[in-house]
Amino acid sequence: MDVIPAIDLLGGRCVRLFQGDYDQSQVFDEDPVAVACRWAEQGASRIHLVDLDGAKAGKPENWQAITKIVQAVDVPVQVGGGLRDRNRVQALFDLGV
C-alpha cells in the first residue's frame, strides 16, 4: 500500500476544512514547505497538494507555496485545485509538478 500525504493550502497555510466549509478551516501549520519536507523525510513517495483557493477561484492561487515545495522536496508533487485549462496544467508541469 502506498500512502500519499495531502497538504491542503488556503491562504498559503496548511489547513483542514470542516465538511468542505471554507469558513470553518483549522490551520495546522503556517509553513507548508516545512510540512512537505517533514513528509518527505518520513518516507512519503510523493506529496499531493490541494490548492483550496484555486479550487474556489477556478485558477491556481498558491503558486508561491507550490513552487517552494517542488524546489524543497526530492519526491514527486501532485497538485489539484483550480486547474481548468491546459495552459495552467502546463505551467505546473513547467514548475516540476
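**Close-up views of the predicted model**

**View A. The two ends of helix H4 and its packing against H3.** Directly following H4, Gly96 adopts a positive phi of about 110°, where helices are DSSP runs of H or I with at least four residues, strands are runs of E with at least two, and both are numbered from the N terminus. This model is predicted, with local features requiring pLDDT of at least 70 and side-chain atom pairs counted only at pLDDT 80 or more, whereas totals for chains, interfaces and linings use all residues. Residues are numbered from 1 along each chain as its sequence is written, and side-chain values use heavy atoms, with hydrogens and water left out. At the start of H4 (residues 86-95), a side-chain oxygen of Asp85 comes within 3.0 Å of the backbone nitrogen of Asn87. H3 and H4 pack at an angle of about 35°, their axes being 10 Å apart; axes are lines fitted to C-alpha atoms, for helices over the stretch in contact, and angles run from 0 to 180 degrees between N-to-C directions. From H3, Trp63, Ile66, Thr67 and Val70 meet Arg88, Ala91, Leu92 and Leu95 of H4, contact meaning heavy atoms within 4.5 Å. By class, this contact has 6 nonpolar, 1 polar and 1 charged residues, with Ala, Val, Leu, Ile, Met, Phe, Trp, Tyr, Cys and Pro counted as nonpolar, Asp, Glu, Lys and Arg as charged, and the others, Gly among them, as polar.

**View B. An open sheet of 5 strands with mixed pairing.** The strands follow the order S3-S2-S1-S4-S5, two strands being paired if DSSP finds at least two bridges between them. S3 (21-29) and S5 stand at the edges with a single partner strand each, so one side of each lacks a neighbour in the sheet. On average, neighbouring strands are turned by 45° against each other, direction ignored. S2 (residues 13-18) and S3 run antiparallel and are joined by 5 bridges, and the bridge partner of Arg16 in S3 is Gln26. H1 lies across S1, S2, S3 and S4, and runs at about 180° to S1.

**View C. The largest nonpolar core and a second, separate one.** A nonpolar core is a set of buried Ala, Val, Leu, Ile, Met, Phe, Trp, Tyr and Cys residues joined through side-chain atoms within 4.5 Å. Among the 17 residues of the largest core, Ile7, Ile47, Leu49, Ile66, Ile69, Val73 and Val77 touch the most other members. Two or more residues come from each of S1 (6-10), H1 (32-41), S4 (47-51), H3 (63-72) and S5 (77-80), and H3 provides the largest share, 4 residues.

View D. Setting aside neighbours within four places in sequence, Asn62 is in contact with Leu9, Gly11, Gly12, Asp51 and Asp53.

**View E. Asp8 in strand S1.** Asp8, at 23% relative accessibility, counts as partly exposed. Residues up to four places away in sequence not being counted, Asp8 touches Arg13, Cys14, Val15, Val50 and Leu52.

Note on methods. Buried means under 20% relative accessible area, exposed over 50%, partly exposed in between (1.4 Å probe, protein chains only). A polar contact is a pair of N or O atoms within 3.5 Å; within protein, one must be able to donate a hydrogen and the other to accept it, and residues adjacent in sequence count only if both atoms are side-chain atoms.
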